[in-house]
Amino acid sequence: MTLQLLDWIVIIIFFLIMVAIGVWAHYKNKDSGDYFTAGGNLPWWLSGISHHVSGYSGAVFVAYAGLAYTHGFSIYVWWAMTVGISILVTINIFPVRWVRLRQKIGIQSPLEYLAIRYGVKTQQVIAWSGVVLKLFDVAAKWAAIAILLKVFTGVPILYGVLFSGGISIVYITIGGLWAVTVSDFIQFIVQIGAGIVMFFAATSKLGGIDSVFTIWDQLPAQNSEPFGEPYTVGFALAFLFINMLSYNGGTWNLATKYISSPDEQNTKRAAILSGILYLIWPLILFFPMWAAPILLPNLEDPTESYGLLTITLLPKGMIGLVLASMFATTMSMTSSDANTISAVITRDILPLHFKKFNVNTSVNPLIVARKVTFIFIFFTILIATQYESFGGILGLIVTWFAALVGPIAVPMLLGMLPLFRKSGSTAALVSIFGGLTSFALIKIFSISLPFALEISLPLMVSVFLYILFGFINRKAEVSSEVLELLESIDKKSEN
């Protein structure tokens with residue numbers, strides 16, 4: 001066992017705080033509006049921090065740490081920088097429309113408006129597709145934290161998945177969005193503290209703060225380059241467009257942070273804060289990972305580098321803080337995902353198929369939401385135990401998630417814009433199935449493509465088909481209900 005008593009005390013205190021927040025939030029939730037959207041009262045700073053920390057997880061310390069070890073600075077360029085840019089350049093487009101949807105038609109789930117925009121059948125296709133996708137995405141997070149536990153404690157990955165998932169399933173099921181966002185804030189503080197400690201521990205070991213600039217001379221030349229195979233300029237551009245959809249609401253839990261803001265001004269402030277954090281904080285967070293080849297040369301498994309750095313550089317107690325921060329990043333994303341998925345299933349799926357789950361009946365939506373949350377997380381844990389079958393952690397996060405999020409996000413995000421009003425339910429369905437089919441064909445027939453094309457092709461196919469069928473449908477009448485919806489969310493609300 002690497003962890004000492006003081007480390008375990010730090011971790012236990014962290015989890016007790018999370019449970020306390022969950023209990024507090026449990027009593028704050030009076031109805032489904034509180035549970036799913038915090039009653040539309042999230043302050044901008046809390047929403048922005050929650051949006052930021054919900055965008056990445058413990059996988060950063062495993063898969064991305066491995067890439068930082070082998071490929072260097074390019075991980076910041078194609079991941080963190082593209083995310084920050086994606087958020088900041090679309091502040092006046094998507095975030096404001098999400099909050100307008102709550103103000104105008106009272107949505108609690110990001111998919112509720114799709115019943116008006118495309119019809120119930122199309123909404124259901126998007127709902128089910130997204131739920132399945134999130135099963136794999138969240139599963140990757142459990143597997144990532146299990147790998148870290150193995151490095152620190154020697155616990156087998158299977159037990160690590162069950163341990164981390166089992167603890168989180170209890171916490172996540174207790175509270176709603178208030179629990180998610182307040183715990184996100186605490187987790188962000190823990191992450192900042194642990195990241196700064198690691199940063200200064202690494203610079204101290206390397207001879208001082210000047211090492212931020214001098215380590216690159218001691219690393220392979222390609223490690224200081226912004227691009228390098230297979231993470232080329234094309235790959236970064238592909239990820240930029242994928243992130244533009246994902247971080248603006250294509251990843252549903254991130255849409256929820258915008259939906260839950262009081263007004264447009266708060267929503268834009270939240271987006272600015274999240275975007276700036278993505279541009280600045282990863283530079284500090286990634287530095288020890290970039291320096292790892294110097295501090296830990298010739299590692300057989302680079303994905304273990306951050307965990308081994310923690311053990312090497314930090315005193316007892318501080319190791320527990322860093323491990324707690326890794327749990328924190330994972331829990332922030334998984335709890336946020338589970339809350340939003342619960343909203344989608346509870347608000348959009350169950351009422352359509354089972355009358356007793358109609359929100360207007362005597363069924364308590366909070367009880368249903370918690371049961372749905374528990375079941376969803378349970379299945380993600382099952383998938384996480386088989387993560388190697390899906391190409392490992394990086395395969396699940398980069399290949400599967402990046403390739404599949406685009407086709408599902410295209411009709412959701414573009415459907416908000418009046419420019420695409422002619423793209424109706426047919427365009428939405430064809431774009432989804434076209435994008436997913438292109439991904440399936442690549443996998444089934446093992447088609448060899450450049451990495452950039454492999455992850456971006458489903459998105460390109462989806463966008464092309466969505467626009468094409470809108471053009472084919474250009475002479476058709478658009479229903480007054482759809483036109484009214486688009487017009488209402490295109491106009492600035494009276495705050």
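Analyst: An axis here is a line fitted to C-alpha atoms, for helices over the stretch in contact, and angles between N-to-C directions run from 0 to 180 degrees. In this predicted model, local features need pLDDT of at least 70 and side-chain atom pairs pLDDT 80 or more, whereas totals for chains, interfaces and linings use all residues. Residues are numbered from 1 along each chain as its sequence is written, and side-chain values use heavy atoms, without hydrogens or water. The axes of H14 and helix H15 (residues 287–295) come within 4 Å and cross at roughly 30°.

User: What does that angle make H14 in relation to H15?

Analyst: H14 is roughly parallel to H15, because angles under 35 degrees count as roughly parallel (over 145 as roughly antiparallel, 65 to 115 as roughly perpendicular, the rest as oblique). Both helices are DSSP runs (H or I, at least four residues), numbered from the N terminus.

User: Which residues of H14 and H15 meet?

Analyst: With contact taken as heavy atoms within 4.5 Å, Leu283, Ile284 and Leu285 of H14 meet Phe287, Pro288, Met289 and Trp290 of H15. By class, this contact has seven nonpolar residues, no polar and no charged ones. Nonpolar covers Ala, Val, Leu, Ile, Met, Phe, Trp, Tyr, Cys and Pro; charged covers Asp, Glu, Lys and Arg; the others, Gly among them, are polar.

User: What makes aspartate 490 and arginine 97 a salt bridge?

Analyst: The closest N and O atoms of aspartate 490 and arginine 97 are 2.3 Å apart. The rule asks for a side-chain nitrogen of Lys or Arg within 4 Å of a carboxyl oxygen of Asp or Glu, so the pair qualifies. By this rule the count comes to three salt bridges. Aspartate 490 lies in helix H22 (residues 480–490) and arginine 97 in helix H6 (residues 94–105), so the pair joins parts 393 residues apart in sequence.

User: How do you know whether arginine 97 is buried or exposed?

Analyst: Arginine 97 has 7% relative accessibility and counts as buried, because buried means under 20% relative accessible area, exposed over 50%, and partly exposed in between (1.4 Å probe, protein chains only).

User: What distance makes glutamate 264 and arginine 100 a salt bridge?

Analyst: Their side chains meet at 2.8 Å, N to O. Glutamate 264 is in helix H14 (residues 264–285) and arginine 100 in helix H6, 164 residues apart. Glutamate 264 counts as buried at 3% relative accessibility, and arginine 100 counts as buried at 7%.

User: How far apart are the closest N and O atoms of lysine 257 and aspartate 184?

Analyst: The closest N and O atoms of this salt bridge are 3.9 Å apart. Lysine 257 lies in helix H13 (residues 252–259) and aspartate 184 in helix H10 (residues 177–205), so the bridge ties together parts 73 residues apart in sequence. Lysine 257 is buried, at 0% relative accessible area, and aspartate 184 likewise counts as buried at 0%.

User: Why is H13 called mostly covered?

Analyst: Eight of the eight residues of H13 are buried, including Trp252, Leu254 and Tyr258.

User: Which residues touch the most other members of the largest nonpolar core?

Analyst: In this core of 124 residues, they are Trp78, Trp79 and Trp98. Helix H8 (residues 120–153) gives the most to the core, with 13 residues. A nonpolar core is a set of buried Ala, Val, Leu, Ile, Met, Phe, Trp, Tyr and Cys residues joined through side-chain atoms within 4.5 Å.

Key:
Helix = DSSP H or I, 4+ residues; strand = E, 2+ residues; numbered from the N terminus.
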